[in-house]
Amino acid sequence: MEGTDEFMKYRSPLVSRYASKEMAYNFSDRKKFTTWRKLWIYLAKAEKALGLPITEAQIQEMESHENDIDFAMAAEEERKLRHDVMAHVHTFAHCCPSAAPIIHLGATSCYVGDNTDLIMLRDGFDILLPKLARVIDRLANFAEKYADLPTLGFTHYQPAQLTTVGKRACLWLQDLAMDMRNLQRARDDLRFRGVKGTTGTQASFLQLFQGDHDKVEELDRMVTEMASFKKAYLVTGQTYSRKVDVDCVSTLASLGATVHKICTDIRLLANLKELEEPFEKEQIGSSAMPYKRNPMRAERCCSLARHLVALMADPLQTASVQWLERTLDDSANRRISLPEAFLTADIILSTLQNVSEGLVVYPKVIERHIRHELPFMATENIIMAVVKAGGNRQDCHEKIRVLSQEAAAVVKQQGGDNDLLERVQKDPYFAPILGQLDSILDPKTFIGRAPQQVARFLSEEVRPQLEPYKAKMEVKIELEI
């Protein structure tokens with residue numbers, strides 16, 4: 001049974017089934033607790049530099065044991081102490097006996113806990129941003145390729161004026177570009193908690209430095225810089241404000257809404273057989289219906305995107321119930337909601353990249369749908385052509401109205417094809433413009449400025465946004481499941 005122990009307890013599918021290795025590692029115990037040790041080393045180095053009696057040997061001892069964490073000892077210590085930070089202080093001190101007296105000197109639990117969370121959030125955004133850039137790049141290529149391919153537009157999911165396949169993709173891209181801006185902004189707005197003490201007043205550090213305010217401020221600055229943050233929050237309680245979590249998760253939830261909309265569109269177009277996500281040679285669409293090609297990747301994105309949007313409630317409620325300088329009812333919730341938000345965003349971006357790299361368009365199906373609806377849409381153009389040929393606008397309108405109603409009855413009541421054009425061709429009234437019908441009914445005359453809009457949007461707003469990520473554009477996504 002030893003080899004099957006992992007299957008005897010619940011494992012989150014976010015990690016066991018879907019997430020990338022880099023995002024799974026970002027929220028792992030290994031990353032978390034080695035970061036705690038790094039932070040203790042930063043603190044000791046800064047305190048030594050500012051004159052506290054800490055030796056270089058003590059720091060070297062800590063650095064030599066930064067990564068060799070005895071997780072079993074830490075777990076046993078936590079069972080005894082009921083305190084995760086002190087359990088790891090004791091575990092670190094066990095392998096660093098000479099440094100033991102100065103580990104965590106002057107700090108509170110949130111020095112390692114909150115600062116590590118901020119590092120993980122920052123690093124999480126750094127994982128997501130190139131992935132989002134790649135999705136945008138793939139869809140931009142798709143939009144460019146199909147910029148002038150006419151297709152039925154849909155409003156209320158009813159046929160409307162024509163657009164192009166590429167222009168529709170630009171609607172997706174516009175939302176993704178907003179998400180890129182939001183994620184970058186949330187990442188850049190993150191600050192470090194720094195060294196603030198138990199209630200944010202830095203009283204313990206002021207005591208360590210015998211009332212020297214400048215040294216306390218310099219300590220905060222030095223540790224912040226060692227952790228690769230440009231700024232620290234000037235004011236905190238025991239924790240950094242939980243509204244920071246709100247800002248981070250809200251951008252991810254907004255991304256989830258975008259991905260859900262895109263993938264719903266793909267699913268609707270797959271039903272029309274106009275567009276399909278990639279389908280593997282040996283992939284099975286249905287256990288009962290072997291002919292089916294279900295849009296399972298788009299469906300997965302929608303399913304997970306709903307979870308991501310729903311996670312927004314957690315940080316909002318947590319921020320709202322933090323009493324005074326802090327309460328601990330944030331902790332268990334944040335252990336779940338923050339990693340899950342980033343893991344879920346990571347998964348839907350990887351999946352959407354895979355989909356966008358293999359989207360299949362069926363122009364002949366699109367053309368057939370256009371032919372079915374275009375005669376009705378062309379009626380105003382036919383009227384204009386008759387008037388230019390000397391006809392009366394009102395008389396022509398009535399003729400078209402009657403013929404359109406007859407053709408609609410064939411479509412709706414008899415299940416036949418739209419025969420409006422045949423009716424127009426047979427009616428002597430329209431004889432003066434019969435030679436113009438082909439040009440009047442050219443779908444490309446109904447797409448307005450869609451191709452020009454695509455070209456300008458991609459060149460002015462999309463491509464420039466991708467410049468910082470050019471070095472990471474070539475990564476392709478192969479889904480294991």
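Helix H3 (29-49), helix H7 (109-145) and helix H9 (203-208) are the elements against which the buried residues of H10 pack, where contact means heavy atoms within 4.5 Å and buried means under 20% relative accessible area, exposed over 50% and partly exposed in between (1.4 Å probe, protein chains only). Helices are DSSP runs of H or I with at least four residues, numbered from the N terminus. The model is predicted, so that local features need pLDDT of at least 70 and side-chain atom pairs count only at pLDDT 80 or more, while totals for chains, interfaces and linings use all residues. Residues are numbered from 1 along each chain as its sequence is written, and side-chain values use heavy atoms, with hydrogens and water left out.

The buried residues of H10 are Val216, Leu219, Asp220, Met222, Val223 and Thr224. Because the expected span is 1.5 Å times one less than the number of residues, the 14 residues of H10 (residues 213-226) should span 20 Å, and this agrees with the 20 Å between the end C-alpha atoms. At the N-terminal end, H10 is capped by Asp212, a side-chain oxygen of which lies 3.1 Å from the backbone nitrogen of Asp214; a polar contact is a pair of N or O atoms within 3.5 Å, and within protein one must be able to donate a hydrogen and the other to accept it, with residues adjacent in sequence counting only if both atoms are side-chain atoms. After H10 comes Ser228, which has a positive phi near 65°.

In the loop between helix H8 (165-189) and H9 lies Arg193, whose side chain reaches the backbone oxygen of Gln238 at 3.0 Å. Arg193 is buried but has no salt bridge, the nearest side chain of opposite charge being Asp114 at 4.7 Å; a salt bridge requires a side-chain nitrogen of Lys or Arg within 4 Å of a carboxyl oxygen of Asp or Glu, and Lys and Arg count as positive, Asp and Glu as negative, with His and the chain ends not counted.

A nonpolar core is a set of buried Ala, Val, Leu, Ile, Met, Phe, Trp, Tyr and Cys residues joined through side-chain atoms within 4.5 Å. In the largest one, which has 121 residues, Trp40, Met62 and Tyr111 touch the most other members, and H7 supplies the largest share, 18 residues. Not counting residues up to four places away in sequence, the residues that Trp40 touches include Met62, Val85, Phe92 and Tyr111. A second, separate core of 14 residues includes Ile382, Cys396, Leu420 and Leu437.

Key: Helices (H or I, at least four residues) and strands (E, at least two) are DSSP runs, numbered from the N terminus.
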